[in-house]
Amino acid sequence: MARARKISKEKENRIKLELFRKKNRLVYQPFFVMVVCFFCLYTLLDWWLVVETGILPLKRDLVHYVLPLALPWIPILIWLRPRIRLLKFPVWRRRLEPDDLYYFMAWFVMAVPTVITQGYMEKTVGRLTSLDNIHSFYTVPATKYYTLEEYYVDFTHPGYSTKSEYTGRYSRNIRMTLYIVAPIRSDKDTVMGVATAWFGKRYHKLIAGNSSEVQKKAAFHSLVEVSERKFRYDCRNPFQYLQREGYSDDDEGYRAATHTSPAYTPGNDTVLIPVDKPFNTRTEYQLLWIFITLGGGLLGFLAMVHAVPFDKKKLHSVVE
């Protein structure tokens with residue numbers, strides 16, 4: 001009798017092990033390969049086509065957020081969904097079905113680490129160039145980061161541009177953005193000619209979306225007045241290094257501001273943004289968050305796959 005129970009227990013364990021392996025083979029392993037391929041291929045293409053060669057002049061928000069958040073749904077719906085449907089879920093009397101949680105988890109594991117990685121990759125591949133003064137700017141290969149030994153900011157020839165957009169849920173707020181730029185000069189300059197490069201800062205103000213025109217104008221004048229004072233302070237405040245903004249909405253705002261300055265000449269609109277943090281801390285904890293979101297997401301999805309049984313009818317119809 002004891003021997004029969006032992007044989008029965010061993011048989012039961014073998015069946016459980018077989019089902020565990022089958023779930024890994026039919027559901028989890030294809031998902032794992034899909035995540036790794038998407039993560040690596042997207043990052044490689046971003047580095048090669050956008051960052052390194054500039055073959056695709058795409059804005060940062062599109063490459064860093066919109067595409068990595070949207071594209072994962074294509075492999076999820078085409079390749080992963082049929083495999084998720086092999087699992088048997090309990091019936092819910094809610095808007096969301098249980099398998100929707102699996103699709104959302106799969107999207108999270110593919111999208112979030114990819115989003116973080118694009119910012120991390122852009123910062124780590126960018127090189128730092130040391131300049132004696134701003135006149136050396138065009139004598140060296142273009143890089144993302146710069147340091148200046150000797151300089152001053154000529155805030156007597158500023159340039160301005162503005163942008164307003166509705167933000168928040170139901171567009172409840174208006175976000176006003178003011179871009180201010182000024183030529184970067186050398187202490188040896190005796191003639192205030194055209195600018196070689198520009199020092200740029202942006203400032204924001206948030207107001208209610210239902211504000212009247214009078215309130216909007218008052219808020220805008222307040223933003224300009226406060227921002228000009230801050231900009232003069234920022235011009236005198238030492239920084240650790242300067243960085244190029246890269247192709248983005250902010251870059252367009254800065255370049256538009258240069259066009260309003262008397263020191264502007266066509267084609268001479270490179271704006272450098274001051275950073276008051278040590279250069280070696282520019283990535284902060286991004287690498288750690290990549291490992292946390294990717295590793296934690298993969299383990300979480302593995303647990304979710306093994307938390308529910310197979311649907312035996314659907315499983316028998318699968319040709320392995």
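Strands here are DSSP runs of E with at least two residues, helices are runs of H or I with at least four, and both are numbered from the N terminus.

A quick word on the source: this is a predicted model, where local features need pLDDT of at least 70, side-chain atom pairs count only at pLDDT 80 or more, and totals for chains, interfaces and linings use all residues. Residues are numbered from 1 along each chain as its sequence is written, and side-chain values use heavy atoms, leaving out hydrogens and water.

What does strand 8 pair with? Strand 6 (residues 198-208) pairs with strand 8 in the parallel sense over two bridges, and L272 is the bridge partner of F199. Strand 7 (residues 241-244) runs antiparallel to strand 8, joined by four bridges, with Q243 opposite I273. Pairing takes at least two DSSP bridges between the strands.

Now for the helices. Axes are lines fitted to C-alpha atoms over the stretch in contact, and angles run from 0 to 180 degrees between N-to-C directions.

| Helix pair | Axes come within | Crossing angle |
|---|---|---|
| Helix 3 (residues 73-84) and helix 4 (residues 98-125) | 11 Å | roughly 135 degrees |
| Helix 4 and helix 7 (residues 286-305) | 9 Å | roughly 165 degrees |

Helix 4 is therefore roughly antiparallel to helix 7, while helix 3 and helix 4 are oblique to each other. The cut-offs are under 35 degrees for roughly parallel, over 145 for roughly antiparallel, 65 to 115 for roughly perpendicular, and oblique for the rest.

The contact of helix 4 with helix 7 has 18 nonpolar, six polar and one charged residue. Nonpolar covers Ala, Val, Leu, Ile, Met, Phe, Trp, Tyr, Cys and Pro, charged covers Asp, Glu, Lys and Arg, and the others, Gly among them, are polar.

Finally, the backbone. Most residues other than glycine have a negative phi. S171, not a glycine, has a positive phi of about 55 degrees; S171 sits in the loop between strand 4 (159-167) and strand 5 (173-185) and is partly exposed at 39% relative accessible area. E284 has a positive phi near 50 degrees, lies in the loop between strand 8 and helix 7, and counts as exposed at 54% relative accessibility.

How values were computed: Buried means under 20% relative accessible area, exposed over 50%, partly exposed in between (1.4 Å probe, protein chains only).
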